[in-house]
Amino acid sequence: MTKASDLRQRLRDLRAGQPGVRARDAAQALGVSEAELVASGVEETATCLSTAWRDMLGAMPTLGRVMCLTRNDHCVHERHGRFEQVSANGPHGLVLGPDIDLRIFFGQWHAGFAVAEETRSGPRRSLQFFDAHGTAVHKIYATAETDMAAFDALIAQFRAAAQSTELAVTARPAAATDRPDADIDRQALRSAWRGMRDTHEFFGILQKHKVGRVQALRLAGDDLAQALPTDSVRAVLNASAASETPIMVFVGSPGCIQIHTGPVQKLVPTGPWFNVLDPTFNLHLREDAIVHTFIVRKPTDDGVVTSVEAFDTAGRTIALFFGARKPGQPERGAWRDIAEARAAA
């Protein structure tokens, strides 16, 4: 029995005992990366794709309506819609449609597969992309509204010349540790922060001052960033739904940030998960993984932009929440009131 056939058999045995187990959880249980698990099904349930990521992204609008999924360890973001306003510039890709809104970092994309799998609800087809460590960076699922002829044509166009069940992955390096707080020039950090004209400058400020994101939020002062109770995300989502205030929800993987802009309506807690279960947007948030939550205020040319940001115990971003807005527009007062109510509490 080959390594791949052995892994496929172990997966079948696992699914027999745990029907419906998700691929990510199955891979963890079997001691392999998710990408290795998918690769083991090449020529049966999976097809290796080429690494022509930019060209592939450019072909996505032909598919019609799909469901895009981006996740990290603690949050899953699912959005239905079409690929529109697609562009690629060097290592970055952009999708700026009203429904599918993505920021793509091609440097993190290592392997891609077309996957056809049987589920309890019937056959399901998808395009799945992974980083060099075997972690999923983005997935695109066919739906009842997808043009399946275009889906098949895309797979044929980007099918890799070599089809192999073997996939080399590397261990993820340890995360960099923050410098001691005493080494951070807090006044210089505050000055740069208060001088922002666009929210996109924030990442550059963190890099320039060699400060971690949570560390910066801790050190900046309560006028710029204030710690909140860890149940604040649930409270903000509940308040947004009750007041019908449209929001923006950012969730990122190592190679993609996916954004929902619009209202949230059906909120359903299930065990440790807090869920948004709307027709075109689903969010699954593991609340017990939230260790740090902040309200963050960033000056811009359009006025202060307020966010509520959630992080895990290692300081990794779980999800970011903003009021729905476009560049050139001021922040919605209703959103600011919702966020500031958590700070006041």
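Biologist: How many aromatic pairs does the structure hold?

Modeller: The model is predicted. Rings of Phe, Tyr and Trp pair if their centres lie within 6.5 Å. The number of aromatic pairs in the structure is eight.

Biologist: Which geometry do the rings of Trp53 and Phe129 adopt, stacked or edge-to-face?

Modeller: The ring centres of Trp53 and Phe129 are 5.8 Å apart, and their planes stand at 90 degrees. Planes over 60 degrees apart count as edge-to-face. The pair of Trp53 and Phe129 is therefore edge-to-face.

Biologist: Is Phe129 buried or exposed?

Modeller: Buried means under 20% relative accessible area. Phe129 has a relative accessible area of 1%, so Phe129 is buried.

Biologist: Which strands form the edges of the open sheet of nine strands?

Modeller: The order of the sheet is β1-β7-β8-β9-β2-β3-β15-β14-β13, with antiparallel pairing. An edge strand pairs on one side only, and the edge strands here are β1 (46-49) and β13 (267-270).

Biologist: At what angle to β8 does helix α5 run?

Modeller: Helix α5 (residues 148-158) lies across β1, β7 (111-119), β8 (122-130) and β9 (136-146). Its angle to β8 is about 40 degrees.

Biologist: Over which ring does the charged end of Arg124 sit?

Modeller: A charge sits over a ring if CZ of Arg is within 6 Å of the ring centre and within 35 degrees of the ring normal. The charged end of Arg124 is 4.1 Å from the centre of the ring concerned, that of Tyr141.

Notes
Residues are numbered from 1 along each chain as its sequence is written. This is a predicted model: local features need pLDDT of at least 70, side-chain atom pairs count only at pLDDT 80 or more; totals for chains, interfaces and linings use all residues. Side-chain values use heavy atoms; hydrogens and water are left out. Two strands pair if DSSP finds at least two bridges between them. Helices (H or I, at least four residues) and strands (E, at least two) are DSSP runs, numbered from the N terminus. Contact means heavy atoms within 4.5 Å. Axes are lines fitted to C-alpha atoms, for helices over the stretch in contact, and angles run from 0 to 180 degrees between N-to-C directions. Rings of Phe, Tyr and Trp (its six-membered ring) pair if their centres lie within 6.5 Å; planes under 30 degrees apart count as stacked, over 60 as edge-to-face and the rest as tilted. Buried means under 20% relative accessible area, exposed over 50%, partly exposed in between (1.4 Å probe, protein chains only).
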